[in-house]
Amino acid sequence: MARKTDIPPSYYGEPRNFDPSFRGPIHNRACTDVLCCVIFVIVILGYIALGTVAWIHGDTRKVVYPTDSHGQFCGQQGTPNANKAILFYFNILQCANPAVLINLQCPTTQLCVSKCPDRFATYLDMQYNYRYNNSYWEYYRQFCKPGFDNPRKSVAHVLRDEDCPSMIVPSRPFLQRCFPDFITRNGTLTVANKTDFKDGLGKTRSVIDLRDAANGITSLLDAKEVGMKIFEDYASSWYWILLGLVITMVVSLAFILLLRFTAGVLLWLIIFGVIAVVGYGIWHCYWEFSTLRGKPHSDGDVTISDIGFQTDFRVYLQLSQTWLILMISLSVIEAVIIVILIFLRRRVRIAIALLKEGSRAIGYIMSTLFYPIITFVLLAICIAYWAVIAVFLASSGDAVYKVMSTQDKCMYANLTCDPEKFSQTNVTMVCPGSQCTFAFYGGESLYHHYIFVLQLCNLLVFLWLVNFTIALGQCTLAGAFASYYWALRKPQDIPSCPLFSSFSRAVRYHTGSLAFGSLILAFVQMFRIVLEYLDHKLKGAHNAFARFLICCLKCCFWCLEHFIKFMNRNAYIMMAIYGKSFCTSAKDAFFLLMRNVVRVAVLDKVTDFLLFLGKVLISGSVGVLAFFFFTRKIPVIQEEVPSLNYYWVPLLTVIFGSYLIAHGFFNVYAMCVDTLFLCFCEDLERNDGSPLKPFYMSPQLHRILRREQGSKLYASS
């Protein structure tokens with residue numbers, strides 16, 4: 001039974017001849033891409049050395065704790081600042097913007113304190129009241145330099161020597177720093193119910209001056225409040241979220257096992273179920289849109305741009321425009337799904353057969369469903385190690401002090417200085433009010449000069465290890481599922497422990513090949529990151545050609561990355577079967593796919609599409625159940641619903657988590673189908689179904705194949 005094709009076989013390589021000794025994945029192998037394996041091991045050893053060097057030079061305290069003007073950490077145990085975990089600014093009015101504050105480069109003395117001020121006060125007021133009540137000084141002195149105990153010292157000398165702040169304002173800690181306690185009342189910005197205050201010189205100032213000095217802090221504080229409410233929602237609903245994710249896991253596992261017996265029925269139920277769910281969404285959006293439009297004095301004419309960003313998403317549900325946008329989006333999705341199904345309806349049967357075969361393979365090798373846990377653990381280790389090295393590299397170096405001046409034209413501004421010898425220089429005479437203030441951590445050694453290069457190396461090796469971990473999982477699963485397909489009598493001929501055997505072969509023989517393919521992908525991803533960085537930098541530029549070029553490069557490298565991922569995936573399948581090098585496996589996989597380009601374009605993609613619909617249906621169903629639960633629309637269990645600030649917090653968590661869990665299960669299933677598909681194509685080229693060259697495919701696949709070939713012969717006649 002010769003296979004017909006419109007493209008000469010020699011164009012994409014010759015089909016394989018029958019090998020009677022071939023019984024699935026080759027066991028007698030040799031190590032492949034040894035040079036890449038050696039380089040990979042050397043890089044890992046170098047990565048460990050980089051982590052060691054970063055650990056020696058870095059200091060995480062520089063990231064965890066804020067630092068005062070003398071480079072001392074606030075809140076560090078075992079130091080005089082152990083009970084002083086908050087950074088206080090002597091004169092916050094001298095701080096230009098939030099970036100200056102957060103980077104600790106504000107040209108004013110910075111002091112570690114145990115708590116922020118809770119009242120307005122000036123040094124002049126304190127001196128006046130101190131004569132009658134000593135408690136005024138006891139409160140004010142906690143914001144002065146340690147050891148200073150002379151409340152009678154003149155204001156001019158105190159400000160000159162930076163002994164105490166000239167004024168304090170009601171503040172609250174944010175990012176372990178004291179910022180003015182802004183509160184908006186009836187549209188008016190206030191601090192402690194006041195709209196003005198007196199500075200250290202007795203001049204009346206507006207609260208607006210404080211806001212300008214700490215521009216943007218108000219929004220950050222609002223963000224903190226939202227974050228606290230979200231944290232409270234998680235604390236009160238975490239067990240219900242966990243229950244939703246467990247339900248998703250059980251449903252996903254049951255769904256995959258049921259495909260073995262009812263693949264056709266379940267898949268058609270998925271298709272019509274998704275169409276029905278999206279259709280209901282369209283109707284509901286139309287009903288909400290019509291209701292809001294028909295109400296008198298409603299917000300139907302108000303647009304999303306009119307109200308701007310709101311932390312309470314329920315505000316948007318009161319706008320007819322929101323429901324109109326959702327209705328149009330769902331209508332487009334519904335139309336795309338229906339058009340795809342109409343044109344590919346004849347290929348769905350073969351896709352169903354592949355899914356049945358995949359479910360049968362997973363049923364015989366159940367351990368493959370739990371392999372993603374190993375991948376997750378390895379990825380977590382890679383991410384954690386990369387993050388730790390990045391933090392230690394960022395915190396490497398010694399304290400660097402710079403001259404901070406309130407004068408714009410100071411010739412010594414931003415020059416490095418020595419705080420111990422600063423008082424002996426003439427800087428304060430040339431630039432009155434200048435200070436030698438801690439700026440950042442750095443150094444002049446060769447190591448410190450190449451911190452940025454080491455960070456790039458850290459990122460590249462991280463991408464390499466992540467891609468290697470994913471590649472190892474793909475090769476392991478492919479070897480296990482190939483052992484199933486190439487067993488002539490199933491399940492009698494399936495080897496024992498196929499997953500462990502495949503993992504052992506991949507690590508022992510193909511570490512170099514997996515590293516080679518992963519490195520190629522890592523370089524492409526690294527270049528994409530660089531392009532994203534350049535695009536971010538050019539957003540404010542007026543060079544249209546440069547932005548157009550960056551956009552084109554981003555598009556090209558996005559396509560290249562996805563093509564490489566597709567080729568690597570199939571190369572690892574061929575590698576798991578035949579045990580050849582990466583380049584040879586990639587070439588064989590490419591030619592095999594090209595010789596079966598129609599099946600690749602239709603069957604494989606139809607299968608991916610159906611699996612995607614399955615993930616959407618599972619996560620969507622659990623999401624709908626969570627929506628009715630958290631919005632108290634299930635009467636039976638209304639009393640069990642926790643009180644929430646934002647019901648969408650646990651709802652989105654359940655939906656996103658459910659999709660990830662379903663994706664994990666279906667990813668194994670997709671790898672199984674891809675492996676069986678390549679084995680199916682190999683089987684067609686090696687064998688013809690005769691007693692001497694029997695097919696290894698299941699009888700179900702064989703029957704569908706004969707129908708397909710029969711319809712082709714009928715069409716050609």
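**Entry 1. Helices H18 and H21**

I recorded the crossing of H18 and H21 as right-handed; a crossing has this hand if the near helix is turned clockwise from the far one by less than a right angle, and is left-handed if anticlockwise. The model is predicted, so I noted that local features need pLDDT of at least 70 and side-chain atom pairs pLDDT 80 or more, while totals for chains, interfaces and linings use all residues. Residues are numbered from 1 along each chain as its sequence is written, and side-chain values use heavy atoms, with hydrogens and water left out.

I took helices (H or I, at least four residues) and strands (E, at least two) as DSSP runs numbered from the N terminus. The angle between H18 and H21 is about 60°, and their axes lie 10 Å apart. Axes here are lines fitted to C-alpha atoms, for helices over the stretch in contact, and angles run from 0 to 180 degrees between N-to-C directions.

I then listed the contact (heavy atoms within 4.5 Å). From H18 come Arg 569, Asn 570, Ile 573, Met 574, Ile 577 and Tyr 578, and among the H21 residues are Asn 667, Asp 674, Glu 682 and Arg 686. The contact of H18 with H21 holds 8 nonpolar, 3 polar and 4 charged residues. For these classes, Ala, Val, Leu, Ile, Met, Phe, Trp, Tyr, Cys and Pro count as nonpolar, Asp, Glu, Lys and Arg as charged, and the others, Gly among them, as polar.

**Entry 2. Helices H1 and H15**

I looked up H1 (residues 34-57) against H15 and found an angle of about 130°, with the axes 11 Å apart. H1 and H15 are therefore oblique to each other (under 35 degrees is roughly parallel, over 145 roughly antiparallel, 65 to 115 roughly perpendicular, and the rest oblique). H1 passes H15 in a left-handed crossing. The contact includes Ile 39, Phe 40 and Tyr 47 of H1 and Asn 458, Trp 464 and Phe 468 of H15.

**Entry 3. Pockets**

I used a 1 Å grid over the protein atoms alone: a cavity is a set of points where a 1.4 Å probe fits but cannot get out, a pocket is an open set with protein on both sides within 12 Å along at least five of seven lines, and lining residues have an atom within 4 Å of a point. Grid points are joined across faces, edges and corners, and a volume is the space filled by probe spheres set on the points.

The largest pocket has a volume of about 1600 Å³. Of its 38 lining residues, Gly 281, Leu 330, Val 624, Phe 627 and Ile 655 lie nearest the centre. H20 gives the most to this lining, 12 residues. The lining divides into 27 nonpolar, 8 polar and 3 charged residues.

The second largest pocket holds about 1200 Å³. It has 36 lining residues, with Pro 372, Thr 375, His 663, Gly 664 and Asn 667 nearest its centre. H21 supplies the largest share of this lining, 8 residues. I counted 22 nonpolar, 12 polar and 2 charged residues there.

**Entry 4. Cavities**

I found 5 cavities of 30 Å³ or more. Strands E1 (86-89), E4 (167-168) and E6 (177-180) each supply at least two of the lining residues. That lining has 10 nonpolar, 2 polar and no charged residues.
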